[in-house]
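Hello,

Here is the structure we talked about handing over. Please have it open while you read the notes below.

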Amino acid sequence: MRKTTSKFSGQFQNLIYKPGYISKAERSEILAYLATLHPIWEMRYSKHNPPPADQQQRRLLRPVYWLGNWQFACLNYYHPPKGLYHRCVSAEPYPPVLANLVHNIEAMVKSEFDPKDVPRGWHLNTCLINFYGDQINDGKRIDCARVGEHKDFEPGPVASVSFGEKALFQFVKSHGTQSQSNVILQQWLEDSSLQIFGGDKFKKQLFHRVQRVEKKSDDVFKLNVTEFETRRINFTFRYVPDEHIQPFFKLPPEAQEDTLEYMQTLAQNSSFFQKHVQLWQQRSAERKA
């Protein structure tokens, strides 16, 4: 039976943490599904979104995969109020096990969260899958299992499901640099746990970060990830208004050029992306005819 008790129940409004929320059967089905995916490495910048003068082009710390819609790093992610359009590209739908999980999480949010903190039309229609672990370069390991302080700008509550080694997750009040930030609340996100947060305090006022991921086991996930050894996987479910999601062939030419290589790479192992690349090719040929 699914655990329903929350570690923070009654202590913090709009914050839920449920250890052991994912059943063993669900966990096995989700990991089997993950083994069919081929995560990709993204670069932070691109031709039409070059790095600032004081920075260099760089690869993200970890390979990623998106479901529902894909927010490519070089398109600057979804960032209201100005960054609404041409940021979210149609991506593969959730498999049944995740769709059922999301349905239950949405019902929980609508039951337990303050209604004013759940926007009209809110539903968890996008999911970032992050793979945490060690980069492997020429036989050398570099621990990249962390995420710097940031905010999730998609409207409404965010849900997070974790597998593997536990991660130290912190809500912080930022003072410009991570070394100066004050930790307001921290918690360990354990294997098969669910975390949900929203509202002004946790979503708008505070930043959050993954400070580190433990290494207490030799177990690693056997996935289609190159140059990387994964010891933690996290699904972060968010909401993007449907009108701000568009198929690849409707992106502006500059955004298409910046992300075409990623789309072609994804199409090598995904019939969904293969179809969308073909649609783009057809539309491009029609414009040239």
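Start at W70. Setting aside neighbours within four places in sequence, W70 is in contact with I40, E42, V64, Y65, R87, C88, V89, A91, L266 and F273. Keep in mind that this is a predicted model.

W70 also belongs to the largest nonpolar core, which has 61 residues. W70, L98, I129, F235 and F237 are the residues with the most contacts inside that core. Which helix gives this core its largest share? Helix 2, residues 96-112, supplies seven residues. There is also a second, separate core of 16 residues. Among its members are Y132, A145, A167 and F197.

Now the chain as a whole. It has five helices and 14 strands. Its radius of gyration is 19 Å, close to the 19 Å that the globule rule gives for 289 residues, so the chain is as compact as a globular protein of that length. The C-alpha atoms fill a box of roughly 65 × 50 × 45 Å along the principal axes. Buried residues make up 52% of the chain. Of the contacts with a separation of 6 or more, 74% join residues 24 or more positions apart.

The surface and the charges come next. The accessible surface is about 14500 Å², and carbon and sulfur atoms account for 49% of it. There are 38 positive and 31 negative side chains. The centres of these two sets lie 3 Å apart.

Next, look at the loop between strand 3 (69-70) and strand 4 (88-90), where P81 lies. The peptide bond from P80 to P81 is cis, with omega near 5 degrees. N76 has a positive phi of about 75 degrees, although it is not a glycine. H86, also not a glycine, has a positive phi near 60 degrees. Why point these out? Because most residues other than glycine have a negative phi, and most peptide bonds are trans. N76 is partly exposed, at 32% relative accessible area. H86 is partly exposed as well, at 34%.

One last stop: R58. It sits in the loop between helix 1 (24-34) and strand 2 (64-67). Its relative accessibility is 40%, so R58 counts as partly exposed. Leaving out residues up to four places away in sequence, R58 touches E42, M43, R44 and Y45. R58 and E42 are 16 residues apart in sequence, and their C-alpha atoms are 8.8 Å apart in space. E42 is also one of the contacts of W70.

Best wishes

Technical notes:
Residues numbered from 1 in each chain as written. Predicted model: local features only at pLDDT ≥ 70, side-chain atom pairs only at ≥ 80, totals over all residues. Heavy atoms only, no water. Core = buried A, V, L, I, M, F, W, Y, C linked by side-chain atoms within 4.5 Å. Buried < 20%, exposed > 50% of the residue type's maximum accessible area, 1.4 Å probe, protein only. Helix = DSSP H or I, 4+ residues; strand = E, 2+ residues; numbered from the N terminus. Contact = heavy atoms within 4.5 Å. Rg over C-alpha atoms; globule rule 2.2 N^0.38 Å. Areas by Shrake-Rupley, 256 points an atom, 1.4 Å probe, with all protein chains shown as cover. Lys, Arg positive; Asp, Glu negative; His and termini not counted. Charge placed at Lys NZ, Arg CZ, Asp CG, Glu CD.
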